[in-house]
Amino acid sequence: MKGIIYLIFFSISWATFAQDFTLPELRFKYDAYEQGIDAKTMEIHHSKHHRGYVRKLNKAVSESKLQGKSLEDLLMYASDRTSAVRNNSGGHYNHTLFWEILTPTTDKSAPGVPSKSLQNAISKNFGSMDVLRKQLSVAAAKRFGSGWAWLVVTPNKELVVSSSPNQDNPIMDVSDVRGLPILGIDVWEHAYYLRYQNKRGDYLSAIWSLLDWGVVSEKYAAALNSPLLTKIEKENWPEKNTFHKVLAQIFHSAENGDLKPLRNMSGALYAQAILLQDSDVPKPILKPEVSLSLVRLEKKCGVLNRLVGKNAREKSLMKAVVAVHDIFHEVQGLCHD
Ligand SMILES: [Fe+2]
């Protein structure tokens, strides 16, 4: 009996420990960033706002029964998460990145030097560091309300500037620009209001002098070989995601004995299958098996649509929709190899 109690206690403690996200320490003291950001803002931002995101994230993860998922996994499939998980996983990830790339410097004109490799990428993608700075400033200044400006490594290993609302970021499947952020600028008012009030532009100039290009360079090098970037590339296939959404509506209802969505949407499913077959398959999964499965998927969706048109019996419709579902899962499986 005692053993069972210990086991239960240990399991609960381990599960709690394993799932909890924690507030990271800052690299420097709150007053070390004074030249750009005052100590009070740093303290409130880190110890109140970021701590709040971490606390709410742990609560939201627990309520959504997503314990054990990595932070990246929570972000990747943000469209399937509750708004509490989406906002707070983004809040935790984004602020952690923000603290990492800030460093106090006594020389405002020399905010560190990017690595040769990052310098080359900046020259190739923007022309110069000045153009990059301008694009980041515009992205940050134009972000309406609260949000972030980003320097992102895209799946095809290019650098782009983007911005996102609230606590969204480019890892999320809801983001227009997908990739790994290597530099993020917080443009929520809580990041600057005490010293700069409504002068977001002055805050952006101050942030520029605090950027640690050594850390950004390390993040750039890591992003180029990151499995997460490859995963984003594989998942960044809008036609497949749309097909999946339509199929899910049809299939789950059919499984529960309701064939109405199937009868109503077989044409839409067939149309999506044609679009999927014509779409650009993401590079990491561009292989003959995928193309063959997509051809079979389109044919089977055509058969299903014709059966619906002929008002076929329930048994035939179920057989056909299960076949469509199986072929789609073959494609999904090939994506995850
Ligand atoms: Fe913030």
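These exercises work through a predicted model of one protein chain.

Residues are numbered from 1 along each chain as its sequence is written. In this predicted model, local features need pLDDT of at least 70, side-chain atom pairs count only at pLDDT 80 or more, and totals for chains, interfaces and linings use all residues.

**Exercise 1. Describe the overall make-up of the protein chain.**

Step 1. Take the secondary structure. The chain has 14 helices and three strands. Helices (H or I, at least four residues) and strands (E, at least two) are DSSP runs, numbered from the N terminus.

Step 2. Take the extent. The C-alpha atoms fill a box of roughly 75 × 65 × 35 Å along the principal axes.

Step 3. The assignment gives domain 1 (22-234) and domain 2 (237-336). Such bounds come from an automatic or database domain assignment. The centres of domain 1 and domain 2, taken over C-alpha atoms, are separated by 38 Å.

Step 4. Check burial. Of the 337 residues, 31% are buried. A residue is buried if 20 or more other C-beta atoms lie within 10 Å of its own, exposed if 12 or fewer, and partly exposed in between; C-beta atoms are placed from the backbone.

**Exercise 2. Follow helix α2 from its span to the residue K65.**

Step 1. Helix α2 covers residues 39-63, 25 residues in total. From first C-alpha to last it reaches 35 Å, close to the 36 Å expected at 1.5 Å a residue. The expected span is 1.5 Å times one less than the number of residues.

Step 2. Look for a bend. α2 bends by about 30° at H45. The bend is the angle between axes fitted to the seven residues ending at a residue and the seven starting there.

Step 3. H45 is also buried. Other buried residues of α2 include Y53, V54, L57 and V61. An α-helix has 3.6 residues a turn, so residues three or four places apart point the same way.

Step 4. Leave the helix. K65 lies in the loop between α2 and α3 (71-76). K65 is not a glycine, yet its phi is positive, about 55°. K65 is exposed, with 8 other C-beta atoms within 10 Å.

**Exercise 3. Work out how strands β1 and β2 are arranged.**

Step 1. β1 (residues 147-153) and β2 run antiparallel, joined by seven bridges. Two strands pair if DSSP finds at least two bridges between them.

Step 2. A149 stands opposite S163 in β2.

Step 3. Inspect the turn. Five residues lie between the strands of this hairpin, and K157 takes a positive phi near 65°.

Step 4. Judge β2 (residues 159-165). Five of its seven residues are buried, so β2 is largely enclosed by the rest of the structure.
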